[in-house]
Amino acid sequence: MGITGAQALVRTLEEEQVEIIFGIPGGAVLPIYDALNETNIRHVLVRFEQAAVHAASGYARTTGKPGVCLATSGPGATNLVTGIAGAYMDSIPLVVLTGQVPTSMIGTDAFQEVDITGITFPITKHNYLVKDPNDLPRVVKEAFHIARTGRPGPVLIDIPKDVAAGICSRGAPERVELRGYKPTYKGHPNQIRNAARLMQEAERPVIFVGGGVISSGATEELRKLAETLSIPVATTLMGIGSFPENHPLSLGMLGLHGTAYANYAVTEADLLIALGVRFDDRVTGLVEKFAPRAKIIHLDIDPAEIGKNVEVNVPIVGDVKLVLQSILALVEEKKNEEWLAKINEWRERYPLEYGNKKETLRPQYVIEELGRLTDHQAIVTADVGQHQMWAAQFYKFARPGSFLTSGGLGAMGYGFPAAIGAQLGNPEALVIAVTGDGSFQMNMAEMATAMENNLPIKILLFNNSGLGMVRQLQHFYCERRYTAVEFTGNPDFVRLAECYGAAAYRIQSPEEVVPVLKEALNNDRLTLVECVIDRDEWVYPMVPSAKGLDEMIQYRDVEGKQNE
Amino acid sequence: MKHTLAVLVENRPGVLARIAGLFSRRGYNIESLAVGQTENPDIARMTIVVDGDDRVIEQVSKQLHKLIDVIKLSDITEEEYVDRELLLVKVNADPSVRGEIMQIVDIFRARIVDIGRNTLIIEATGDEGKINAIEASLRPFGIKELVRTGKIAMVRGPKQ
Ligand SMILES: Cc1ncc(C[n+]2csc(CCOP(=O)(O)OP(=O)(O)O)c2C)c(N)n1
């Protein structure tokens with residue numbers, strides 16, 4: 001006696017406390033969709049499978065639970081690939097379920113067959129092709145375990161149709177036993193002592209944090225460390241929100257479009273304390289010129305990250321939260337007055353700036369006002385491009401998990417579906433998707449999903465009639481020869497949103513910003529606010545390619561001069 | 001420098017593809033890779049020879065270790081180990097040169113495993129140096145076909 005594989009799958013998902021599955025059905029997953037009739041797990045029908053993974057990612061990043069999505073074999077599965085790769089690069093825990101053709105047909109190039117485990121080897125933490133229904137409960141349980149522990153990541157389970165329809169007479173094991181998988185959580189005591197000593201002795205220390213601090217829930221420990229030893233904190237794009245940006249020790253973001261003071265501080269530092277980061281090239285600029293005077297402490301749960309891109313003096317493999325607790329027990333209060341004074345001087349001399357706010361509609365100003373009106377408390381997602389950088393620079397994030405964007409992969413189309421996942425996981429929260437006209441058009445059909453589920457998401461769309469960030473690159477690197485970056489066929493976004501039944505506004509001048517944003521934020525419906533901006537708006541500072549962080553181009557060097 | 005890695009993995013379909021894929025997508029070159037079951041049928045052992053500086057080898061090892069199916073990995077390059085390769089070679093051998101070839105086979109303690117009208121198949125086992133030497137000695141006769149298994153290796157002494 002048994003139940004079907006699909007029923008066993010659903011039961012195990014219930015045991016794992018899954019609340020929501022994002023997906024689109026198809027022939028190969030008919031038995032699974034049929035089994036969903038018998039559960040309280042909510043299925044959210046998206047319009048494009050890519051949006052299902054991105055939504056699952058937004059859900060995971062704002063709830064701390066793995067996100068789950070489901071797609072049929074073949075095209076359903078391949079449509080997931082971008083989202084899976086994004087989650088892999090950003091270490092987001094996901095369990096991805098795909099249908100597969102019946103086992104007897106695997107390898108025959110059957111209708112809608114694709115080797116999705118083969119395709120996703122390089123972009124999943126692990127994946128499974130299940131050949132026996134009896135294995136399903138164990139595999140699902142393992143998948144959740146792998147996805148959420150150690151360095152989190154996406155795990156894919158490929159389920160042939162006959163396996164879902166077949167009989168399963170086994171339940172999930174009590175415990176997961178994987179002899180090849182034993183993440184290290186506690187750091188090595190000697191290295192912890194070394195790190196604590198270096199931190200205590202450093203004269204010009206900088207802490208530099210990434211997404212690992214958020215996924216390990218270490219924000220409190222981070223704040224204590226920074227305050228105890230008076231160390232300024234810079235974050236990566238993924239680390240935004242881990243340290244309140246209104247804190248006097250916050251340097252904001254560092255790297256390619258980081259603040260000048262963060263980049264100068266890193267360049268002058270004698271000790272760099274890297275927490276849950278992977279030294280992405282968008283952060284380091286030219287590696288040889290990155291933190292040239294600093295000893296480096298690198299703490300990460302993934303041993304393969306340590307020493308991968310930069311040489312490290314004190315490597316610590318472990319969970320950021322646990323290790324910081326051990327370090328906190330060893331350090332004593334300290335003031336770095338001279339260093340902090342120097343940093344404040346940079347902060348005052350080279351602030352984030354963009355010129356006039358009053359004459360034309362400036363995207364930076366819109367984001368600043370958005371931050372102010374929402375008290376920096378909203379969950380903000382961003383797509384990829386200039387708008388993403390303005391959001392990262394000017395919103396002034398205060399909470400972990402409040403800024404969601406595709407960091408490692410940089411996938412346009414991420415923001416809006418991620419907002420859908422975030423809103424479903426946090427019904428009470430204010431969720432805002434900051435997007436560009438290019439990115440939004442990649443997944444704007446999801447307005448239907450948002451409407452269907454009554455999600456009052458705010459879409460803040462910066463319309464510069466083109467692919468702004470690439471246009472910026474062509475401006476700086478291709479002598480203003482603009483190729484394939486200008487849109488002439490854009491829809492009327494306000495009318496488009498209205499077609500879906502959403503509320504919509506258009507802002508064209510600075511005076512409209514505050515009143516329209518206020519109205520939009522108080523609206524309890526899906527709302528789109530289009531800001532029509534100048535296409536010659538650039539993101540500053542900017543570190544030119546193959547340069548050190550202190551060689552950035554700043555607003556004052558270019559536009560500031562012209563305006564004088 | 002060449003490194004020899006001994007890798008214990010779950011004996012499951014797809015594991016070899018995962019490992020080979022990891023090398024190719026990170027731009028590392030596998031010199032040789034030999035796989036087979038161990039005393040425990042659930043576990044297979046791979047002997048992988050890779051060329052690279054210490055940094056490359058460290059990354060290879062760490063990335064391999066991240067695979068859920070990899071149970072244990074050791075770089076045995078610096079250890080005392082026994083290693084063997086198997087060679088099968090089909091060489092031109094008309095009757096006038098057979099005697100000479102058989103002498104070579106004797107010297108290397110190899111074996112003739114098949115006799116054709118004008119060819120011989122020779123089997124040899126040994127470390128890489130010996131296999132290279134026998135190959136070189138037979139080359140003048142004209143090698144028609146040749147296969148080598150890649151290296152398998154085992155550390156001397158009691159199992160750690
Ligand atoms: C899927 C995908 N395709 C292409 C790119 C390359 N790319 C990076 S930014 C960008 C332009 C984005 O335009 P838009 O969304 O309008 O934002 P803007 O830069 O104008 O604010 C492009 C095409 C990408 N990151 N992702």
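These questions and answers walk through salt bridges, a recorded domain and a surface patch in a predicted model.

Biologist: How many salt bridges does the structure hold over all chains?
Modeller: Side chains of opposite charge can pair when their charged atoms come close. Here the cut-off is within 4 Å, nitrogen to carboxyl oxygen. Over all chains, the number of salt bridges is 41.

Biologist: What separates Arg197(A) and Glu201(A) along their helix?
Modeller: Their side chains meet in a salt bridge, at 3.9 Å from N to O. Both residues sit in helix 9 of chain A, which covers residues 189-201. They are 4 residues apart, so the separation is about one helical turn.

Biologist: Is Arg197(A) buried or partly exposed?
Modeller: Buried would need a relative accessible area under 20%, and exposed one over 50%. Arg197(A) has 42%, so it counts as partly exposed.
The partner in its salt bridge is Glu201(A).
The class of Arg197(A) is therefore partly exposed.

Biologist: How many residues apart in sequence are the parts tied together by Arg18(B) and Asp69(B)?
Modeller: The two side chains form a salt bridge of 3.3 Å, N to O. Arg18(B) lies in helix 1 of chain B, residues 15-25. Asp69(B) lies in the loop between helix 2 (54-66) and strand 4 (70-75) of chain B. The pair therefore ties together parts whose distance in sequence is 51 residues.

Biologist: Is Asp69(B) buried or exposed?
Modeller: The limit for buried is under 20% relative accessible area. Asp69(B) has 4%, so it is buried.

Biologist: Which residue of chain B joins the network with Arg151(A), Asp302(A), Glu305(A) and Lys308(A)?
Modeller: Salt bridges that share partners link these residues into one network. Its member from chain B is Lys66(B).

Biologist: How far apart are the end C-alpha atoms of residues 192-326 of chain A?
Modeller: An unreviewed UniProt entry places the feature "domain: Thiamine pyrophosphate enzyme central" at these residues. The span is 34% helix and 20% strand. Its end C-alpha atoms lie apart by 7 Å.

Biologist: Which strand of chain B holds Leu88(B)?
Modeller: Leu88(B), Val113(B) and Val147(B) make a nonpolar surface patch of about 220 Å². Leu88(B) is partly exposed, at 35% relative accessible area. Its place, within residues 81-92 of chain B, is strand 5.

Technical notes: Residues numbered from 1 in each chain as written. Chains lettered and ligands numbered in written order. Predicted model: local features only at pLDDT ≥ 70, side-chain atom pairs only at ≥ 80, totals over all residues. Heavy atoms only, no water. Helix = DSSP H or I, 4+ residues; strand = E, 2+ residues; numbered from the N terminus. Buried < 20%, exposed > 50% of the residue type's maximum accessible area, 1.4 Å probe, protein only. UniProt positions renumbered as here; feature names shortened; annotations may be inferred. Patch = residues over 30% accessible without salt bridge, like charges linked within 9 Å, V, L, I, M, F, W, Y side chains within 5 Å. Areas by Shrake-Rupley, 256 points an atom, 1.4 Å probe, with all protein chains shown as cover.
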